Amino acid sequence: MTSSTAVTPDQQRSLLGTLTVIPWVSEPTDENPGTPLLMVYSLGDGRDGPEAGEEAMRAELEQLGLSIGEKLIDLGRDTGIPITMLVEAEQAVLTLPFMKVQCPVPPEWEKAAHAKGQVYLIFAVRPWPEAVPGKQVEPERLREFVSGEGLLEGSAHCLAPVMRVRT
């Protein structure tokens, strides 16, 4: 099980609505710690409804330089896209021009992020109103949403380098 984290409750006044993130990690093996994934999605509760929220999310992502469904962008190589990912003390902090969120991540997620040196980010354009912050999301529900018709093709994908706190 995993749970989602909301960016801020006052996002409901925006077209995007409440933006939420949910972390999970692919199955590790002896040779591979798994792939840490983080999905950003809206609850679809923006001021003009879910359809307007989808359009607003698409516009924000394209303005950043991300393509919807076309390609996986490696932010370690394309430094012109202002997205950062800090992972430390079982917390992930994702920063974009239109949002900043800190969410708890399980130890295996953090271990995989540090071992891989990057996190796979999915920016879903389609809202997911059922996965509300603070409530557990069963793995089956997450799998159903992510593998649902057109979700991955209608999302932006990128690899974000993992930053750490320097001491």
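## The loop between S6 and S7

Glu 90 lies in the loop between S6 and S7, where helices (H or I, at least four residues) and strands (E, at least two) are DSSP runs, numbered from the N terminus. The phi angle of Glu 90 is positive, at about 55 degrees, although Glu 90 is not a glycine. With a relative accessibility of 35%, Glu 90 counts as partly exposed; buried means under 20% relative accessible area, exposed over 50%, and partly exposed in between (1.4 Å probe, protein chains only).

Ala 89 is in the loop between S6 and strand S7 (91-96). Ala 89 is not a glycine, yet its phi is positive, at about 55 degrees. Ala 89 counts as exposed, at 61% relative accessibility.

## Basis of the model

This is a predicted model, in which local features need pLDDT of at least 70 and side-chain atom pairs count only at pLDDT 80 or more, while totals for chains, interfaces and linings use all residues. Residues are numbered from 1 along each chain as its sequence is written, and side-chain values use heavy atoms, with hydrogens and water left out.

## Salt bridges

Side chains of opposite charge can pair when their charged atoms come close. A salt bridge is taken here as a side-chain nitrogen of Lys or Arg within 4 Å of a carboxyl oxygen of Asp or Glu. The count by this rule is three salt bridges.

Arg 164 pairs with Glu 88, with 3.5 Å between the closest N and O atoms.

Arg 47 forms a salt bridge with Asp 48, and their closest N and O atoms are 3.8 Å apart. Arg 47 is exposed, with a relative accessible area of 54%, whereas Asp 48 is partly exposed at 48%. For Arg 77 and Asp 74, the closest N and O atoms of the salt bridge are 3.9 Å apart. Arg 77 is exposed, with a relative accessible area of 73%, and Asp 74 is partly exposed at 23%.

## Nonpolar cores

A nonpolar core is a set of buried Ala, Val, Leu, Ile, Met, Phe, Trp, Tyr and Cys residues joined through side-chain atoms within 4.5 Å. The largest nonpolar core has 35 residues, of which Leu 66, Ile 83, Met 85, Leu 94, Leu 121 and Phe 123 touch the most other members. Another core, of 15 residues, lies apart from the largest one, and its members include Leu 43, Ala 124, Leu 142 and Val 146.

Contact means heavy atoms within 4.5 Å. Setting aside neighbours within four places in sequence, Phe 123 is in contact with Val 40, Leu 61, Leu 66, Ile 83, Leu 96, Ser 155, Ala 156 and Cys 158. Ala 124 lies in strand S9 and is buried, at 0% relative accessibility. Not counting residues up to four places away in sequence, Ala 124 touches Met 39, Val 40, Tyr 41, Met 57, Leu 151 and Ser 155.

## The largest pocket

The largest pocket holds about 460 Å³ of space. On a 1 Å grid over the protein atoms alone, a pocket is an open set of points where a 1.4 Å probe fits, with protein on both sides within 12 Å along at least five of seven lines, and lining residues have an atom within 4 Å of a point. Grid points are joined across faces, edges and corners, and the volume is the space filled by probe spheres set on the points.

The largest pocket is lined by 21 residues, and those closest to its centre are Trp 24, Val 25, Ser 26, Pro 139 and Leu 142. Strand S3 (19-25), strand S9 (118-124) and helix H3 (139-146) are the elements that give two or more residues to this lining. H3 gives the most, with four residues. By class, the lining has 14 nonpolar, four polar and three charged residues; Ala, Val, Leu, Ile, Met, Phe, Trp, Tyr, Cys and Pro count as nonpolar, Asp, Glu, Lys and Arg as charged, and the others, Gly among them, as polar.

## Separations in space

Gly 46, in the loop between strand S4 (36-42) and H1, is buried, with a relative accessible area of 9%. Gly 46 and Thr 35 are eleven residues apart in sequence, and their C-alpha atoms are 31 Å apart. Glu 55, in helix H1 (residues 50-64), is exposed at 60% relative accessible area. Glu 55 and Leu 94 are 39 residues apart in sequence and 22 Å apart from C-alpha to C-alpha.
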